[in-house]
Amino acid sequence: MMTTQTSAEQIVACFLRYVHALDNRHWADAAAQFSPQGVLAFGSDETTGYGEIAKRIESDLSRYVMTWHSVATPLVEIDGDRARLTAASSGIHLREPAGTENATIIGGRYNAWLSRTETGWLIDRVAPDYLWRAGPPLDH
């Protein structure tokens with residue numbers, strides 16, 4: 001039985017594809033969730049465009065043995081062909097050698113803006129807002 005997703009479900013699915021690709025080390029798949037001029041923003045440090053975002057993600061995350069990003073309680077607000085998603089987030093970034101003393105755990109929220117395209121919803125901008133950290137600072 002085939003079901004039709006609502007726009008809100010499609011938006012959440014797009015964002016979850018991005019997060020799952022990060023943790024599975026599929027850098028190009030993560031970047032593919034962005035629009036061609038999409039922006040990945042860490043404060044004023046912004047990376048723009050599919051190719052540059054893929055390189056940035058790989059550079060930032062490949063230095064860790066593993067990462068695990070969690071997304072919870074997504075709120076989607078849609079205005080025509082544009083949308084905003086906010087969600088609670090946490091992330092574990094494990095360095096070598098494996099062990100909890102080498103892990104950075106962060107928590108906060110994801111802020112994302114998306115637009116509807118002919119092929120579906122794509123991310124225009126992601127701006128994580130880190131509210132707390134346990135362990136050493138992130139390496140990126």
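Biologist: In this predicted model, which residues does Gly38 touch, not counting residues up to four places away in sequence?

Modeller: The model is a prediction, and the contacts of Gly38 leave out residues up to four places away in sequence. With that exclusion, the residues that Gly38 touches are Thr47, Thr48, Gly49, Ile53, Ile123 and Asp124.

Biologist: Is Gly38 buried or exposed, and what is its relative accessible area?

Modeller: Gly38 has its place in strand 1. A residue counts as buried under 20% relative accessible area. Gly38 is therefore buried, its relative accessible area being 0%.

Biologist: What distance separates the C-alpha atoms of Gly38 and Val126?

Modeller: Along the chain, Gly38 and Val126 are 88 residues apart.

Biologist: In which sense do strand 1 and strand 6 pair?

Modeller: Strand 1 covers residues 34-42, and strand 6 covers residues 120-126. Within this part of the model, Val39 stands opposite Arg125 of strand 6. Three bridges link strand 1 and strand 6, and the sense of the pairing is parallel.

Biologist: How many bridges join strand 5 to strand 6?

Modeller: Strand 5, residues 103-117, runs antiparallel to strand 6. A hairpin of two residues connects strand 5 to strand 6, and Leu114 stands opposite Ile123 in strand 6. The number of bridges that join strand 5 to strand 6 is six.

Biologist: Why is strand 6 described as largely enclosed by the rest of the structure?

Modeller: The description rests on burial, for which the limit is under 20% relative accessible area. Strand 6 has seven residues, and it is largely enclosed because the number of them that are buried is five.

Biologist: Which element gives the most to the largest nonpolar core?

Modeller: The largest nonpolar core has 28 residues, and those touching the most other members are Phe15, Tyr18, Ile57, Leu114, Ile123 and Val126. Two or more residues come from each of helix 1 (7-23), helix 2, strand 1, helix 3 (50-61), strand 4 (82-94), strand 5 and strand 6. With seven residues, the element that gives the most to this core is helix 1.

Biologist: Which residues is Tyr18 in contact with, leaving aside its neighbours within four places in sequence?

Modeller: Tyr18 is one of the core residues that touch the most other members. Leaving aside neighbours within four places in sequence, the contacts of Tyr18 are Ala30, Gln33, Phe34, Leu40, Ile57 and Ile123.

Biologist: Is Gln33 buried or exposed?

Modeller: Gln33 lies in the loop between helix 2 and strand 1. Beyond its neighbours within four places in sequence, Gln33 is in contact with Cys14, Arg17, Tyr18, Leu122 and Ile123. Since its relative accessible area is 11%, Gln33 is buried.

Biologist: What relative accessibility does Ala32 have?

Modeller: Ala32 is also placed in the loop between helix 2 (27-31) and strand 1. Not counting residues up to four places away in sequence, Ala32 touches Tyr50 and Leu122. Ala32 counts as partly exposed, because its relative accessibility is 35%.

Key: Residues numbered from 1 in each chain as written. Predicted model: local features only at pLDDT ≥ 70, side-chain atom pairs only at ≥ 80, totals over all residues. Heavy atoms only, no water. Buried < 20%, exposed > 50% of the residue type's maximum accessible area, 1.4 Å probe, protein only. Helix = DSSP H or I, 4+ residues; strand = E, 2+ residues; numbered from the N terminus. Pairing = 2+ DSSP bridges. Contact = heavy atoms within 4.5 Å. Core = buried A, V, L, I, M, F, W, Y, C linked by side-chain atoms within 4.5 Å.
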